[in-house]
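Reader: I am new to protein models and would like to learn how to read one. Could you take me through it step by step?

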Amino acid sequence: MKDFVKLQDITKIYKMGEVEIRAADNISFSIDKGEFVVIVGPSGAGKTTVLNILGGMDTATSGTLLVDGEEITAYNSRRLTEYRREDIGFVFQFYNLVPNLTALENVELALQICRDPLDAREVMEEVGLGDRLNNFPAQLSGGEQQRVSIARALAKNPKLLLCDEPTGALDYNTGKAILKLLQNMCRERGMTVIVITHNQAIAPMADRLIHIKNGQVSRMELNEHPMSIDDIEW
Amino acid sequence: MKKKALRKDFYMEIRRSTGRFMSIFFIVAIGCAFFSGIRASEPDMRYSGDAYFDNRNMMDIEVISTLGLTDDDLQAIEDVDGIEAAEGGYSVDVLSSEGDNQIAVHVMSLLPSMNQVQLEDGRLPEAEDECAVDVDYLNESSLKIGDKITLSSGSDDEITDTLKTDTFTITGAVSSPNYISFQRGSTTIGNGSVTAFIVVPEKSFALDVYTEIYAQVDGAKEMTAFTDEYDDRVQEVIDKIEEIKDEREQIRYDEIVDEANEALEDARQQVTDAEKELEDGKAEAQAELADARQQLEDAQAEVDSGRQELESSKQQLESSRQQLKDSQAQVDQGQEELNANIDALNGQIDELNAAKEQYNALAASGATDDVTMATLNAMYEEIQKGESAVAQAQAQIDAAKAELESGQQQINSGWDQITQGEQKISDSEAQLADAEAEIADGWEEYYEGEAEAEQEIADGEQKIADAKEELADAEAEINDLEKPEWYIYDRSNLPDYTGYGENADRMRAIGEVFPAIFFLVAALISLTTMTRMVEEQRTLIGTLKALGYEKHSIAGKYLGYALLATVSGSVVGILFGEKVFPYIIINAYGIMYQHMHDIVIPYNLGYGLGAAAAALASTLLATILSCYKELREQAAELMRPPTPKQGQRVLLERAAFIWKRLNFSWKATIRNLVRYKKRLFMTIFGIGGCMALMLVGFGLKDSIFAIVDIQYGEIQLYDGNIILTDDATDEEKNNILTELDKDSAMTGSTEGLLTQISVGNGDEWHDVYLDVPKDVEEFSEFVVLQDRVTNEKYELDDSGAVLTEKMAKELDVKPGDTITIRDEDRGDLKVEISAVCENYMGHYLYMTPAYYEKVYGETPDYNSIFYKTADRITEEAERIGEEALAMPGTLSISYTTDLREQVDNMLGALDEVIVVLIISAGMLAFVVLYNLNNINITERQRELATLKVLGFYNGEVAMYVYRENIVLTILGAIFGIILGKILHGFIIVTVEIESVMFGRNIDLSSFVYGFLLTLLFSLLVNGAMYFKLKKINMVESLKSVE
């Protein structure tokens, strides 16, 4: 599906006292359904801002965002919450698991509020944590925690899976494994996955690669033959 | 130290986290204010009381003697080492009537300088017959300034023995430092308790010795009353007075005995003189009487002879009258004869005239014949003869006439004489009658005089006999005269004086518990806050450490922060609390001590510094501990986010059947609760404290309100009590009873003995009412004796007495124990307590007449009638009371409603304290909850932001937090109920005043109100939290940890 996600002139201006910071400056791009998108750029380029706006966690100062035909930028805060609830899965750099809930419960936490969720156990099996269901986050390694986090996002069966530096806090191998998991999800489930990273090395695995610099899309390239993560070394 | 950057960071920190700074500031301020304020109330009450007594120049020591005190005694006391000044005063308990009601009043003289009364209205009395009256009494009686009151002694003595007059004009209303509250003390007259006091000028008293001497102790004024220092100082001087006591008593005794003996001798002489005088008088009277009798008899004799004479002259007169009558008859007969003679004469004259005519006719015929001539001659001769016979007869008649006339003349003069004689007789008769009347009067006078004399003599003899008897009595009395006894009291002998000190002690008890809780919570809160702050700034600490700052410089910031917040909070709190709380509390007590207007509330630095030090210590310690914990770690470690707290299974999970049923959110809630144990306990403690404080507040009200209903609805079922006069006869009693029975509103009455007595256990003595019902069976309809807890009913029997609960506790006696009644006449009497019964107002000792007899050795003299009315309303009770008062034999009436008023007064005082408690509790709850929630939310910001990102609505996010708060609130409330119940139990016993026992109950409604209010506070805080939750910024919160 063409233009499943479409950003048009998205601008985000933060006001810090007298200073205006243009975190996103007329960003426009489109993503097709089922694509594995990687957004790269140096720190402070505005990647996260874009992702936050995409995920309904933040609102754009101007411009329009269309997801699956809906104009997200026109949503009020309640509709935005609903949008996050039903359509978005988030994976964070620092996992943001609820420390007080077991791995399975962390997944269930997301599921209990959404309309059409997947089975938590199955998803956990899928991310390879079938035997760690009842462990608390503190009892899991970083990679495992990130898997739980992914499982939590996936189980909601979202339209968009947004990942903010998912490997940032992980070692090389674990990071790779996580990226592989994400890629598999995209390929197997046809889910649209957007990954933010400052790691240019993983660019080849993307269907679509968007470069952001100084709050602007500097370049966008389509990769006809994305590589498997297994083949990428950095 | 030139760490400018650090210093700047410090100030910036405060500016940036104003909320946190202020929350520590306020919680410390509230804690310190409450702690130091309530605690300072205790000494402040003493200072205020002391100021009042000092202002009124209150005595320290009172000396009373059974035989009065002389100027020499006064001098002697003044000379005692340690006595600054002494003044003598007079007082007496008398009865005063207002309408039909007679009340006992304490009349006392105005002292020159001590115990100054406070003039509330009007002016002080100046003249002998002026007085100023107890303002409390004046306000509620019908009397007003300008009215006159009449006093009577209430005993056999004349009131004029003590007072110069019995009628006084009220010139003003006063309050006296001798009577700081409602009680006026007890007395031996009337119904045993003094209702009011009256002050009069010294000169109104007719006594020649003082009834009491008041003294002030050197240096005592500078000390604070109600403190041990003061008590010890006064006791020291009392001991010294005790030393001169025996000597003074002996002197007074000798003086009285000598005086009495002298008087006795005089009296004896007088009696002897009188006796002699009487003898003389008797003789004199007899002589006088004899004279009088003689005179009278002589007069009688004279009168008798006069009467005899009179009789004879009467007879004479009678015979003269007879003679006269005879003479008259003779004269009348003479007259008749004369008349016949005159008639005969007239016939002769007629014949003569006829002869003359014949002659003349013959002569005229001219016939000169002889025959004619002879006939003429013969005829002539005959005429001549006839004429001379007539003339002769005429002469005879004339002579007889003259004779008759002189006879008549004589008779007439005779009658005149008789008339005169009669006049004389009647005159002398009248004289005689007068004389007789005079004599009769004389006799009467004589007899009267005689009787009088006899009476006088008898009287005189009686008097002498009496005097002799009196002399004997007086002699016996002198012989029996007991040595005078001095009683030396300090101020604690004044009614309610000790009560004031006890109230201060109560305040201390409250001050030890309440503020402690409050303070504890405050300390815990600031502790949590500081810990949290240090934890939050972990990375900063790490950075500074990495930069090479020493530990103390880094910790210095937090310590400084805590120090500044705590110190400023303490200072503000103490400055505020130590003024405001004592003021409110002393003001509240002002309802009980209406005339003590002096409020002295200095800063009691001790409490303030203590509170500040404790607050400072707890926050600083907490800061040091958490800083230490952080600083111990490596810099690198610190830069990383803290290892998240491990999630853990809770015990409940093991109970799978419950756990499975739990909703997912509840599972999270329960785990969260268990995870943040510190917060759990803090919150439970905070909310529990709040709930407990409110429960105590409401509970106090319940317990006090309850007593009125229980006391007059369940225990004392009578509405009024008629106190009879001491000399009321049985007839009068029956009269009252039958009269009252006629009133349809009256449903029952019973006779009893009700009198105030002093009981004790050897160590302490208290006044209680002794109540002996005449009819024990019927008594249970008027007073219900039961156990408070088990409700077991007790019957009065002859094995012992029943004592009311509060007094049993005061004296520490149980059923089976023995207490002592201190009786003025009979000494100490032992009484066995057979049961202890529920009672709230006043203290009573109940016993059967038979047991009374056993204890007192005489039958009870019933002096009161209890009665009850159908509807149990004041109007009915008072109407019956008024009826009873109008009848002879009634002294006064006491109504149960009067007692209700007393309770209302006390309630008023406590009401404000309760309001303070509830407001404080609310503030505490609010601050605690707000603070804890605040910490909770900041601490879990990431978690909550994650939830938001996951698409939880604001309401759902709030519920995630609220669920915990609800559980905590409920747990806290339950804890608070338990804590409150315990606290209430403690407080209620502590705040009780001596004469009253409060209920031990808390109404269900109070639990509900307390709970609802706690919920309300909790809701308010949660409401405020909602906005905070809403404001959580996902993007900011989830930014990768810096």
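Predicted model: local features only at pLDDT ≥ 70, side-chain atom pairs only at ≥ 80, totals over all residues.

Reader: Happy to! What helices and strands does chain A have?

Author: Chain A has six helices and ten strands. Of its 234 residues, 49% count as buried.

Reader: Which residues of helix 6 of chain A are buried?

Author: To call a residue buried, we ask for 20 or more other C-beta atoms within 10 Å of its own. In helix 6 of chain A the buried ones are A:Gly175, A:Ile178, A:Leu179, A:Leu181, A:Leu182, A:Gln183, A:Met185 and A:Cys186. These buried residues pack against helix 5 (142-155) and against strand 3 (36-40), strand 7 (160-164) and strand 8 (192-197) of chain A.

Reader: Now a sheet, please. What is the order of the strands in the open sheet of chain B?

Author: For a sheet, read the order across it, then the direction of pairing. This open sheet of chain B has four strands in the order 2-10-1-11, and the pairing is antiparallel. Strand 2 (83-89) and strand 11 (486-490) of chain B are the edges, each pairing on one side only. From one strand to the next the twist averages 20°.

Reader: How many bridges join strand 1 and strand 11 of chain B?

Author: Strand 1 (residues 61-69) and strand 11 of chain B share five bridges. To find one in the picture, look for B:Val63, whose bridge partner in strand 11 of chain B is B:Ile488. Helix 3 (residues 71-79) of chain B lies across strand 1, strand 2 and strand 10 (210-217) of chain B, and runs at about 160° to strand 2 of chain B.

Reader: Last one: how many residues of chain A are in contact with chain B?

Author: Here, 25 residues of chain A are in contact with 24 of chain B. On the chain A side, helix 2 (77-87) and helix 3 (103-111) each give two or more residues, and the largest share, five residues, comes from helix 2 of chain A. By class, that side has 13 nonpolar, six polar and six charged residues.

Notes:
Residues numbered from 1 in each chain as written. Chains lettered and ligands numbered in written order. Contact = placed C-beta atoms within 7 Å. Nonpolar A, V, L, I, M, F, W, Y, C, P; charged D, E, K, R; others polar. Pairing = 2+ DSSP bridges. Axes fitted to C-alpha atoms, helices over the stretch in contact; angles between N-to-C directions. Buried ≥ 20, exposed ≤ 12 C-beta atoms within 10 Å, placed from the backbone.
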